[in-house]
Amino acid sequence: MTRSFAVVGAGLAGAATAWRLAQRGERVTVLERATPANRQGSSHGSARIFRYAYPDPFYANLVAEARAHWDELSQAADVPLIRYVGAIDFGAQRDPVHLAGVLTSIGVEHELLTASQAASRWPGMHVDGPVLWQPGAGVIDAASSVNAMIALARSAGATVLTDWTVTRLIPGSGRVSIRSAHGDELTVDHVIVAAGGWLPSLAADLPFRLPPLRITKEQAFHFPYRDPGAAWPTSVHKRGDIATYSLPGGRDADHRGHKVAEYLGGTDIPSASGNDGIVDPANRRRVVEYVAEYLPGLIPEPYAETTCVFTMTPTEDFVIDTAGPFTVASPCSGHGAKFAPLLGALIADSALGLAPPADRFRVPPKG
């Protein structure tokens, strides 16, 4: 017997969950406060990193599992959603040697290069020590992935309601009534809250003791290539005073430059509604200085820039758990995009009672 499910939020996690539930024949309604993958949240744009390198084998294994789900999604949507350009990791605090050991243990193809070997392969990048190369990494088109999963959910029978801001979640008789800012109401058997940076506004109605959530407004900048024909990988670099990531820009930056950002270089905001879209000049200056020093193959003058929202837990672990007619899903912490179609399956399994999430994702109940 099918049940009725509401998914709050149509970012990567919510779209993936709606697709997986509808794929299994459940009755699904997606409730999105604006539009899927809107610019105020965390899932807009066309450039996110898909990489295997994690110091923790748990997440590295999860990426390897996610790859098959991405292949399934791309085939179902009949559109490529990842450009496989490869990835490098470098910097003493990134510890490429340890990362190589993790990838060896899980059987992911990689290569450990010296700084001179890396410099000869990517002359536009200045590295400061050993470099881990992952040829199977790439760039995810985030917005297209959201739209593909929403389209697949719709084709499997899901309903998608936009401009539907959830303000209350009220349990009763084993079901949940959901109220909107415009006075609409929907009652379902089960609700999955995948609200990203808006989760704090709904936390009081959930039966979970969530970890402290830090919401930040982050910035990313696109710099032109000096040689437009050069092949660039994605990168993660950690040194003492700054952590950065970079990747070939997507269609929303005209594919003509490299996207560069400082990891957690932004400012705290109370929720995603605090993302005013205004770029911090100090952050821009730090990233420009970084580009001039470490990415000499780029012209250190951004031609495009954007903001996005990170929702962070103290451990940077995801939150996925179910209690009664509620499931909470916050697989964010600045690194959730690469897992999206797999996360949809894990969240759906939890909501359906088929399999509990990993212990490290679970949160204690209130009480």
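Start by selecting Lys 217 and Asp 276: their side chains make a polar contact at 2.9 Å. Keep in mind as you go that this is a predicted model.

**Stop one: Lys 217 and its surroundings**

With that pair on screen, colour strand S14, residues 214-224, and you will find Lys 217 in it. The contact with Asp 276 also qualifies as a salt bridge, with the closest N and O atoms 2.9 Å apart. The two partners come from distant parts of the chain: Lys 217 sits in strand S14, while Asp 276 is in the loop between strand S18 (267-268) and helix H6 (281-294), 59 residues apart.

Buried or exposed: how does Lys 217 come out? Lys 217 is buried, because its relative accessible area is 9%, and buried means under 20%. Asp 276, at 47%, is partly exposed.

Now show what else touches Lys 217. Setting aside neighbours within four places in sequence, its contacts include Gly 266, Thr 267 and Ile 269, then Asn 275 and Ile 278 along with Asp 276 itself.

**Stop two: Asp 317 and Arg 360**

Next, select Asp 317 and Arg 360, whose side chains meet in a salt bridge at 3.2 Å, N to O. Asp 317 is in the loop between strand S19 (304-312) and strand S20 (319-323), and Arg 360 is in the segment after helix H7 (340-352), so this pair ties together parts 43 residues apart in sequence. Asp 317 is buried at 13% relative accessible area, whereas Arg 360 is partly exposed at 34%.

**Stop three: Asp 321 and Arg 362**

Move on to Asp 321, which forms a salt bridge with Arg 362, the closest N and O atoms lying 3.0 Å apart. Here Asp 321 is in strand S20 and Arg 362 is in the segment after H7, so the bridge ties together parts 41 residues apart in sequence. Check the surface on both sides: Asp 321 counts as buried at 3% relative accessibility, while Arg 362 is partly exposed at 38%.

**Before you close the viewer**

How many salt bridges are there in the model? The count comes to 18, and among them are Lys 217 with Asp 276, Asp 317 with Arg 360 and Asp 321 with Arg 362. As background to these stops, side chains of opposite charge can pair when their charged atoms come close.

Notes. Residues are numbered from 1 along each chain as its sequence is written. This is a predicted model: local features need pLDDT of at least 70, side-chain atom pairs count only at pLDDT 80 or more; totals for chains, interfaces and linings use all residues. Side-chain values use heavy atoms; hydrogens and water are left out. Helices (H or I, at least four residues) and strands (E, at least two) are DSSP runs, numbered from the N terminus. Buried means under 20% relative accessible area, exposed over 50%, partly exposed in between (1.4 Å probe, protein chains only). A polar contact is a pair of N or O atoms within 3.5 Å; within protein, one must be able to donate a hydrogen and the other to accept it, and residues adjacent in sequence count only if both atoms are side-chain atoms. Contact means heavy atoms within 4.5 Å. A salt bridge is a side-chain nitrogen of Lys or Arg within 4 Å of a carboxyl oxygen of Asp or Glu.
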